[in-house]
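Thanks for coming. I will go through one structure briefly, and you can follow along on the screen.

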Amino acid sequence: MKRSRLIGYSLLLAGLFLNYPLPVSAVGNRGVLQGLHALKSQMPKGCGSCHQGMTMLVNGEESSCLTCHGNSADRERMVREGYLKQTGRNTLADIEAELRKTYVHPTLAVSGVHQSRETLPEEVSNAMRHAECVDCHNPHLVDKGMPLRGVMGKRIGNFSGAITKEYELCYKCHAESANLPGNSTNKHAEFKTTNPSFHPVEGEGKSSFVISLKEPYVVAKGDPGKISEISCSDCHGSDDPASPKGPHGSNNEGLLVLNYQKDDSLPESSLAYALCYKCHERSSILGDESFPYHSLHIVGRRTGQEGTSCYTCHDAHGSLQYQHLIRFNEEVVQKNKDDKLKYDARGFSARHGSCYLNCHGVEHNPKEY
Ligand code: HEC
Ligand code: HEC
Ligand code: HEC
Ligand code: HEC
Ligand code: HEC
Ligand code: HEC
Ligand code: HEC
C-alpha cells in the first residue's frame with residue numbers, strides 16, 4: 001500500500017472512531033460504503049474518490065460525481081490520478097451530457113441549496129427548488145442495476161426507510177412539497193389508486209378494456225412476460241435510448257423519452273404523439289376501436305381543419321374527476337351555453353358516454369357516443 005494512501009486511511013479511521021472533527025456531520029450508517037463504489041478494483045482510493053483532501057470535505061454538489069460520471073476528459077484525469085480504474089467492460093456513461101440538454105433536472109443550474117440533513121418533501125414554501133445527484137442516489141450504497149439503492153423516502157414521524165419504488169423518490173419533490181412551482185401539480189394526488197382513473201404507476205389500472213395496448217403491456221397481471229404496471233421513467237427520461245437510463249435530461253419537452261405534442265390544431269403524425277403510441281397502437285386509436293370519435297378529433301375533418309392533441313381530453317398521469325384519464329384542457333375546451341363542462345362515462349368499460357362542453361364553437365349539450 002502506498003504511503004499517501006496509508007495516511008489517508010489513518011486520518012479517516014481517526015475521524016470515524018476517535019471523534020476527529022470531520023467537516024462532514026455525524027457519522028451515521030451512511031458512512032458505510034457498500035456496492036459498486038466500494039469496489040477497490042474500480043475505485044482504489046475508496047472514500048477519497050469523493051471526499052477530497054485531508055479534511056474529507058464533500059458537499060452534495062454534482063462536481064464530486066461528474067469527475068467520473070461526466071465528460072471523458074475529466075474521467076481520464078481521474079484514471080491518471082489513480083482514483084478510477086476502468087476495466088474493459090465498464091465505461092462510465094456521461095450524465096453531464098444529459099444534464100446539458102434542453103429539458104433537464106436543474107442539477108447543474110442550482111448550487112448551494114441542497115443540505116445533507118434536509119427534510120424532503122420541503123416544508124418551507126419559499127425554499128428554492130433543487131435536485132442534486134445525491135438527492136436521487138445514495139453514493140455510499142449504489143449497486144449494480146440498483147442505482148436507487150439506499151435512497152431514503154419520505155419521513156413519517158421520526159421514521160424514514162429506504163424507498164422500494166421509483167415513484168417514492170419522485171414524490172419527495174413532486175407531490176406534497178410546499179414549494180411546488182405554480183404550474184406544477186401534486187403527482188401523488190394524480191396517481192392515487194382511489195382516483196376514477198390513472199396510469200398504472202402505483203398499482204394496476206381500473207379499466208379492463210384498453211384495446212389499444214401493445215405487447216407486452218396488459219391491463220392486469222397474467223403471464224410473467226406481460227407488464228401491467230409502468231414507472232415514471234417509462235415516460236420521463238432521455239430522448240436517446242442509447243443514453244444512460246434515468247430522468248436526467250432530454251431534448252423532448254417535458255423531459256419525455258418520446259415526443260408529445262400538446263397544442264391544438266396541429267396535424268396528427270406518428271411523431272406528434274409518439275409517446276402514447278409507444279404503448280398504444282396508433283392504428284387502434286385512429287381506427288376508433290374504443291372512442292368512436294377519436295379519429296375525427298385527433299386527425300380533424302380535412303386539411304386546414306386539423307385535429308387536436310390527446311392532451312385536450314386526457315391527462316397523462318391520472319384524472320381526479322373522470323374515468324379514462326379524461327381531464328379537459330381548459331385553454332381549448334370551454335363551458336357550453338348552459339355553463340356545463342363535464343364528462344359522464346356510463347359505467348366502467350361500457351364504451352358509452354356523453355360530453356357537455358363547447359370546443360371550437362361546437363356545442364356539446366350533450367354529445368353522446
Ligand atoms: C462515490 C462518492 C463517495 C464515496 C466513495 C464515499 N462518500 Fe461519503 N459522502 C459522499 C457525498 C456526496 C456525501 C454528502 C451527501 C449529502 O450531502 O447528502 C457524503 C457524506 C458522507 C458523510 C456524512 C453523512 C451524513 O449523514 O451527513 C460521511 C460520514 C461519509 N460520507 C463518510 C464516508 C466514508 C467513511 C467513506 C469511505 C468508507 C465514504 N464516505 C465514501 C460521497 C462519497
Ligand atoms: C472515482 C470515480 C467515481 C466517482 C467520483 C463517483 N462514481 Fe459513481 N460509479 C463509479 C464506478 C466505477 C461505478 C460502477 C460502474 C459499473 O461497474 O457499471 C459507479 C456506479 C454508479 C452508479 C450505479 C450505476 C448503475 O449501473 O446502476 C450510480 C447511480 C453512481 N455511480 C452515482 C454516483 C454519484 C451520485 C456520485 C457522486 C456523489 C458518484 N457516483 C461518484 C465511479 C465513480
Ligand atoms: C430532490 C428533488 C427532486 C426529485 C427527487 C425529483 N425531481 Fe423532478 N424536478 C425537480 C426540480 C427542482 C425540477 C425543476 C422544475 C420544478 O421546480 O419542478 C424538476 C423537474 C422535473 C420535470 C419537468 C422537466 C421539464 O422539462 O419541465 C419532470 C418531468 C420531473 N422532474 C420528473 C421527475 C421524476 C420522474 C422523478 C423521479 C424519478 C423526479 N422528477 C424526482 C426536483 C426533483
Ligand atoms: C404515461 C406517461 C407518463 C408517466 C407514466 C408519467 N408521466 Fe409525467 N408527464 C407525462 C407527460 C406527457 C407530461 C407533459 C404533459 C403534462 O404536463 O401533462 C408530463 C409532465 C410531468 C411533469 C411536469 C409538469 C408538472 O406538473 O410539473 C412532472 C413533474 C412529471 N410529469 C412527473 C412525473 C412523475 C413524478 C411520474 C411518476 C410518479 C410521472 N410523471 C409519470 C407523461 C407521463
Ligand atoms: C376529444 C377527446 C379525445 C381526444 C382528443 C383523445 N381521446 Fe382518447 N378517449 C376519449 C374518450 C372519451 C375515451 C373513452 C372511451 C370509452 O368510453 O371507452 C378515450 C379512450 C382512450 C383510450 C382507452 C381505450 C383504448 O383505446 O385503449 C386510450 C388508450 C386513448 N383514449 C388514447 C388516446 C390518445 C393516444 C390520443 C391522442 C393521439 C387520444 N386518446 C385523444 C377522448 C379523447
Ligand atoms: C431527479 C433524480 C435524479 C437526479 C438529480 C440524478 N439522477 Fe441518476 N438516475 C435517476 C434514476 C431514477 C435512475 C434510474 C432509472 C432506471 O433505472 O430506469 C438514474 C440512473 C443513473 C445511473 C445509471 C444509468 C444506467 O444507464 O444504468 C447513473 C450512473 C446515474 N443515474 C448517475 C447520476 C449522477 C452522476 C447524477 C448527478 C450528476 C444523477 N444521476 C442525477 C435519477 C436521478
Ligand atoms: C409505458 C406505457 C404507456 C405509455 C407511454 C402510455 N400509456 Fe396509456 N396505458 C398504459 C397501460 C398499461 C394502461 C392500462 C391501465 C389500466 O388497466 O387501466 C393504459 C391505459 C390508458 C388509458 C385508459 C385508462 C382507463 O382507465 O380507461 C388511456 C386513456 C391512456 N392510457 C392514454 C394514454 C395517453 C394519452 C398516452 C400518451 C400521453 C399514454 N396513454 C401513454 C400504458 C401506457
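I start with the contact at H280: an N or O atom in the side chain of H280 is 2.8 Å from a nitrogen atom of ligand 7. Please keep in mind that this is a predicted model.

H199 has a polar side-chain atom that lies 2.9 Å from a nitrogen atom of ligand 7. With H324, the ligand atom is an oxygen, and an N or O atom in the H324 side chain is 2.9 Å from that oxygen. As for secondary structure, the elements giving two or more residues to the shell around ligand 7 are α8, residues 232-235, and α9, residues 274-277.

How many residues are around ligand 7, and which come nearest? There are 23, and the nearest are H199, C276, C279, H280 and H324. By class, the shell divides into 14 nonpolar, 7 polar and 2 charged residues.

The structure holds 1 cavity of 30 Å³ or more, and the volume of the largest cavity is about 70 Å³. Its lining consists of L120, E122, M128, R129, H130, K172, C173, S177 and N179. That lining divides into 3 nonpolar, 3 polar and 3 charged residues.

Last, the two ends of helix α3, residues 72-80. At the start of α3, a side-chain oxygen of N71 reaches to within 3.2 Å of the backbone nitrogen of A73. After the helix comes G82, with a positive phi near 85°.

That is the set. I can take questions now.

Terms used: Residues are numbered from 1 along each chain as its sequence is written. Chains are lettered from A and ligands numbered from 1 in the order in which they are written. This is a predicted model: local features need pLDDT of at least 70, side-chain atom pairs count only at pLDDT 80 or more; totals for chains, interfaces and linings use all residues. Side-chain values use heavy atoms; hydrogens and water are left out. On a 1 Å grid over the protein atoms alone, a cavity is a set of points where a 1.4 Å probe fits but cannot get out, and a pocket is an open set with protein on both sides within 12 Å along at least five of seven lines; lining residues have an atom within 4 Å of a point. Grid points are joined across faces, edges and corners, and a volume is the space filled by probe spheres set on the points. Ala, Val, Leu, Ile, Met, Phe, Trp, Tyr, Cys and Pro count as nonpolar, Asp, Glu, Lys and Arg as charged, and the others, Gly among them, as polar. A polar contact is a pair of N or O atoms within 3.5 Å; within protein, one must be able to donate a hydrogen and the other to accept it, and residues adjacent in sequence count only if both atoms are side-chain atoms. Helices (H or I, at least four residues) and strands (E, at least two) are DSSP runs, numbered from the N terminus. A residue is near a molecule or strand if one of its heavy atoms lies within 4 Å of it.
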